[in-house]
Amino acid sequence: MPTTDAPPLIDDELEVLAALLPLSDQDIVELGCGAARLARELLVRWPGSRVTGLEVDERQHAKNMAAPQQGLRFVAGAAQAIPFPDASFDLALMLKSLHHVPLPLLSQALRETARVLRPGGHLYVSEPVYAGPLNELVRLFNDEGVVRAAAQSALDEALQGRTWEQVAERRFETPVAFKDFADFEQRMMRPTFADHRIDDAKLAQVGAAFAPHCGPQGACFTRPMHVRLLRRC
């Protein structure tokens, strides 16, 4: 039978995380947590753990604070200056957030992450791959080629020292669906944490590129993902 190297399609990234690490009774920090969707579901399945969501976007942080959950606390802050003592956590999560750290501060963010992890603690980094039809749409108004490559390079550089070792790597694709172009525009083109300077001409350009992907049931894409699991030595 022919074989294929196509990555698996995974709708729930928590499955990937749970296959790599124990999640019961853990102190976890999510750096750049956004709406903390994975963290909220993690606490439903493993209610004995504790999650701290760190978020730099003031508007998203305010939304998070308005939606409390048992075991989950939110703190305003950035990965390059984590406001917690040394050895505070067992696990750090960076879910599509490492490439949002300012480029000159990537190494500092990884040093800060190591500082707040206990010896033997883990850093789970999940980053979108710069490829695929959805990426081709997004790059029309937000080209992340440079920052995504810089994020991977920062991890490679951190692994050259004695602080980190990489213990696992996974690749998969996750489905992403939009009801229509208005849904795509709101979620992708006008996030609360960035101003992509969308004018009428850019909106028309992206809309025209989106149209061939959209049918009566909306538009369905897959986003290729790259996970690297590091352990603090």
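Arginine 118 is partly exposed, because its relative accessible area is 28%. The model is predicted, so local features need pLDDT of at least 70 and side-chain atom pairs count only at pLDDT 80 or more, while totals for chains, interfaces and linings use all residues. Residues are numbered from 1 along each chain as its sequence is written, and side-chain values use heavy atoms, with hydrogens and water left out.

Arginine 118 has a charged partner. Its side chain meets that of aspartate 90 in a salt bridge, 2.9 Å from N to O. The term covers a side-chain nitrogen of Lys or Arg within 4 Å of a carboxyl oxygen of Asp or Glu. This pair links distant parts of the chain: aspartate 90 sits in strand E4 and arginine 118 in strand E5, 28 residues apart. Strands (E, at least two residues) and helices (H or I, at least four) are DSSP runs, numbered from the N terminus. Aspartate 90 is buried, with a relative accessible area of 19%.

Aspartate 27 pairs with arginine 50, and their closest N and O atoms are 2.5 Å apart. Here too the pair links distant parts of the chain, with aspartate 27 in strand E1 and arginine 50 in strand E2, 23 residues apart. Aspartate 27 is buried at 17% relative accessible area. Arginine 50 is partly exposed at 35%.

A further salt bridge connects glutamate 136 and arginine 139, 3.4 Å from N to O. Glutamate 136 counts as partly exposed at 42% relative accessibility. Arginine 139 is partly exposed too, with a relative accessible area of 36%. Elsewhere, bridges that share partners join Asp25, Asp27, Arg50, Asp90 and Arg118 into one network. The count of salt bridges comes to 14.

Glutamate 55 is buried yet has no salt bridge. The nearest side chain of opposite charge belongs to arginine 59, 9.7 Å away. For charge, Lys and Arg count as positive and Asp and Glu as negative, while His and the chain ends are not counted. What does the side chain of glutamate 55 reach at 3.3 Å? That atom is the backbone nitrogen of cysteine 33. The backbone nitrogen of aspartate 57 also lies 2.9 Å from a polar atom of the glutamate 55 side chain. Leaving aside neighbours within four places in sequence, glutamate 55 is in contact (heavy atoms within 4.5 Å) with residues including Gly32, Cys33, His61, Asn64 and Val75.

Cysteine 33 counts as buried at 5% relative accessibility. Cysteine 233 counts as partly exposed at 48%. A search of the whole structure finds 0 disulfides, a disulfide being a pair of cysteine sulfur atoms within 2.5 Å.

Next come the helices. The buried residues of helix H4, residues 106–116, are Leu106, Ala109, Leu110, Glu112, Thr113, Ala114 and Val116. What covers them includes strands E1, E4, E5, E6 and E8, along with helix H6.

Helix H7 spans residues 181–189, and its buried residues are Phe181, Asp183, Phe184, Glu185, Met188 and Met189. These pack against helix H5, strand E6, helix H8 and strand E8. Aspartate 180 caps the N-terminal end of H7, with a side-chain oxygen 3.2 Å from the backbone nitrogen of alanine 182.

The aromatic rings complete the tour. A search of the whole structure finds 9 aromatic pairs. Rings of Phe, Tyr and Trp (its six-membered ring) pair if their centres lie within 6.5 Å; planes under 30 degrees apart count as stacked, over 60 as edge-to-face and the rest as tilted. Phenylalanine 84 and phenylalanine 89 form an edge-to-face pair, 5.4 Å centre to centre with 90 degrees between the planes. Both residues are buried. The rings of phenylalanine 178 and phenylalanine 184 have centres 5.1 Å apart and planes at 75 degrees, so this pair is edge-to-face. Phenylalanine 178 is buried at 2% relative accessibility, and phenylalanine 184 is buried at 0%. Ring pairs link Phe141, Phe178, Phe181, Phe184, Phe210 and Phe221 into a cluster.

Definitions and conventions
Buried < 20%, exposed > 50% of the residue type's maximum accessible area, 1.4 Å probe, protein only. Polar contact = N/O pair within 3.5 Å; in protein donor to acceptor, adjacent residues only side chain to side chain.
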